[in-house]
Amino acid sequence: MPAYSTLRTFVEAVRSGLTNITRCLEAVVNDPQNRLDHAADMNDPAVAIGEFPAWLHSLLLQAGLSQAEVDHMERWADSQKEIVRLEIVSAIQGNRPLRFGWELHGGDDVISEVRRDANQDVRVVFRSPRTGVQLSGLNFGSIQVEA
């Protein structure tokens, strides 16, 4: 979850496990045309290193992410982005949807966790440490998630 989310948005994300990032990622990853156009691109591990390639950056913005949200995603550890990339490749190859979620956890590090249910549906859950949550300002206008 990016820094400076509103308190309402943060509470809803804690309750539902969904954020603008998770919703937009699902839209981009599960779009049949995006899969057709970019399956080969996603096979390249370089996609998960540093800044995103221009085509991915553009798709994320078109899906409804703000520039701040894309910047937030680009700052994720490359190892965590690689976990997501591999699941995207697997979903494309298996012609199955991929779901995303978000939650807080008690650990110290950001984690991209892959979960499979009994039907083998796959969800990538982005887990942010609770220690990275800070309320800013006395008006309760925004909340910052550092990690």
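**Close-up 1. Helices α2 and α3 are roughly perpendicular to each other.** In this predicted model, the two helices pack at an angle of about 65°, and their axes lie 5 Å apart. Look for Ala-27, Val-28, Val-29 and Asn-30 on the α2 side of the contact, and for Pro-32, Asn-34 and Arg-35 on the α3 side. Sorted by class, the residues that make this contact are 4 nonpolar, 2 polar and 1 charged.

**Close-up 2. The largest nonpolar core of the model has 29 residues.** In soluble globular proteins, nonpolar side chains tend to be buried together.

**Close-up 3. Phe-100 and the residues in contact with it.** Neighbours within four places in sequence are set aside in this view. Phe-100 then meets Leu-18, Thr-22, Leu-25, Glu-26, Val-29, Val-84, Arg-123, Val-124 and Phe-126.

**Close-up 4. Glu-26, a residue of helix α2.** Is Glu-26 buried or exposed? Its relative accessible area is 18%, and buried means under 20%, so Glu-26 counts as buried. Leaving out residues up to four places away in sequence, Glu-26 touches Leu-98, Arg-99, Phe-100 and Arg-123. Glu-26 and Phe-100 are 74 residues apart along the chain, yet their C-alpha atoms are separated by 6.5 Å.

**Close-up 5. The buried residues of helix α5.** Here you can pick out Glu-69, Val-70, His-72, Met-73 and Glu-74. What covers these buried residues? Their cover includes α2, α4 and α6.

**Close-up 6. Stepping back to the whole chain.** The protein chain has 6 helices and 5 strands, and from the N terminus on its elements run α-α-α-α-α-α-β-β-β-β-β. Of its 147 residues, 41% count as buried. Among contacts with a separation of 6 or more, 59% join residues 24 or more positions apart. The chain exposes about 7900 Å², with carbon and sulfur atoms supplying 53% of that area.

Definitions and conventions:
Residues are numbered from 1 along each chain as its sequence is written. This is a predicted model: local features need pLDDT of at least 70, side-chain atom pairs count only at pLDDT 80 or more; totals for chains, interfaces and linings use all residues. Side-chain values use heavy atoms; hydrogens and water are left out. A nonpolar core is a set of buried Ala, Val, Leu, Ile, Met, Phe, Trp, Tyr and Cys residues joined through side-chain atoms within 4.5 Å. Buried means under 20% relative accessible area, exposed over 50%, partly exposed in between (1.4 Å probe, protein chains only). Contact means heavy atoms within 4.5 Å. Axes are lines fitted to C-alpha atoms, for helices over the stretch in contact, and angles run from 0 to 180 degrees between N-to-C directions. Helices (H or I, at least four residues) and strands (E, at least two) are DSSP runs, numbered from the N terminus. Angles under 35 degrees count as roughly parallel, over 145 as roughly antiparallel, 65 to 115 as roughly perpendicular and the rest as oblique. Ala, Val, Leu, Ile, Met, Phe, Trp, Tyr, Cys and Pro count as nonpolar, Asp, Glu, Lys and Arg as charged, and the others, Gly among them, as polar. Accessible areas come from the Shrake-Rupley method with a 1.4 Å probe; for residues, only the protein chains shown count as cover.
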